[in-house]
Amino acid sequence: PENTLFVTLSQSGETADTLAALRFAREQHGYLATLAICNVPGSSLVRESDLVLMTQAGPEIGVASTKAFTTQLTALLLLALALGRIKGLDSVTQAEVVAGLRGLPELMRQVLELDGAIEALSTAFAEKQHALFLGRGAHFPIALEGALKLKEISYIHAEAYPAGELKHGPLALVDSEMPVISVAPNDELLDKLKSNLQEVRARGGKLYVFADEKIAFEAQEGLRVLQLPHVHEAVAPILYTLPLQLLSYHVAVLKGTDVDQPRNLAKSVTVE
């Protein structure tokens, strides 16, 4: 399509299907330009794209991506902010998002200090065979990331659903043996999320909620809450990724799996 930017994302810049998509797009001669968001300078994706935004995450040794994912989210937010300025995003919103980004390193440090509490939560998962992750709006992809990490490195079957889709299937799976993990940022979807979580509790499900410290979520029977620092909604998905990745890590350590080299997986999928 005319006046359309074709954007690709890859940690390695060598992922076969991403490269194939880029090459196909270039053959169409219809895109305004191609932009690669990548972590490896000199990679095929970087060399073959018109524009490049490097995530600068540094070498990532483990097969399961962690910092590559969070830096990609940050890069996408920066891209959205830059485009927003061109399209007339008001200065107040711009300043709020920039302030949120500038404050993110300190907030991430605070979340990493919750490592001990997250490790304690992980003991409830070590013997489970399945887990369900819930998120609403922009946090559904974060729920997907949490589920992916848990199955990648701990070999526990995990799925993620938009919390609003709970009654369209996942609720039938919920019982005392199916832990349910949810992120609960303080945004306009919070009340609907609380309603979804009540549905889970009513069916005997064990809930684990990572919640904004300003939310009135209190631990009780069948509900464990870990409070995270308050954060601007634009950068909240980046921050809420961390505790889910840490949870997966500690579950994997408890189960004795190889966290850095999970079975059957490769860092870069270079063949189709």
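**Exercise 1.** In this predicted model, determine which residue of S3 is the bridge partner of Ile37, and describe the pairing of strand S2 with S3.

*Solution.*
Step 1. The bridge partner of Ile37 in S3 is Leu53.
Step 2. Strand S2 covers residues 33-38, and its pairing with S3 is parallel, with four bridges.

**Exercise 2.** State the order of the three strands in the open sheet, and explain why one side of strand S1 and of strand S3 is left without a neighbour in the sheet.

*Solution.*
Step 1. The strand order is S1-S2-S3, with parallel pairing.
Step 2. Strands S1 (5-10) and S3 (51-54) stand at the edges; each has a single partner strand, and therefore one side of each lacks a neighbour in the sheet.
Step 3. From one strand to the next, the twist averages 20°.

**Exercise 3.** Identify the strands that helix H1 touches, and give the angle between its direction and that of S1.

*Solution.*
Step 1. Helix H1, residues 16-28, packs on the sheet and touches S1 and S2.
Step 2. The direction of H1 makes about 165° with that of S1.

**Exercise 4.** Locate Ser248 among the helices, decide whether Ser248 is buried or exposed, and list its contacts beyond four places in sequence.

*Solution.*
Step 1. Ser248 belongs to helix H8, which comprises residues 236-255.
Step 2. Its relative accessibility is 1%; since buried means under 20%, Ser248 counts as buried.
Step 3. With neighbours within four places in sequence set aside, Ser248 is in contact with Gly146, Lys149, Leu150 and Ile153.
Step 4. For Leu150, the backbone nitrogen lies 3.2 Å from a polar atom of the Ser248 side chain.

Conventions: Residues numbered from 1 in each chain as written. Predicted model: local features only at pLDDT ≥ 70, side-chain atom pairs only at ≥ 80, totals over all residues. Heavy atoms only, no water. Helix = DSSP H or I, 4+ residues; strand = E, 2+ residues; numbered from the N terminus. Buried < 20%, exposed > 50% of the residue type's maximum accessible area, 1.4 Å probe, protein only. Polar contact = N/O pair within 3.5 Å; in protein donor to acceptor, adjacent residues only side chain to side chain. Contact = heavy atoms within 4.5 Å. Pairing = 2+ DSSP bridges. Axes fitted to C-alpha atoms, helices over the stretch in contact; angles between N-to-C directions.
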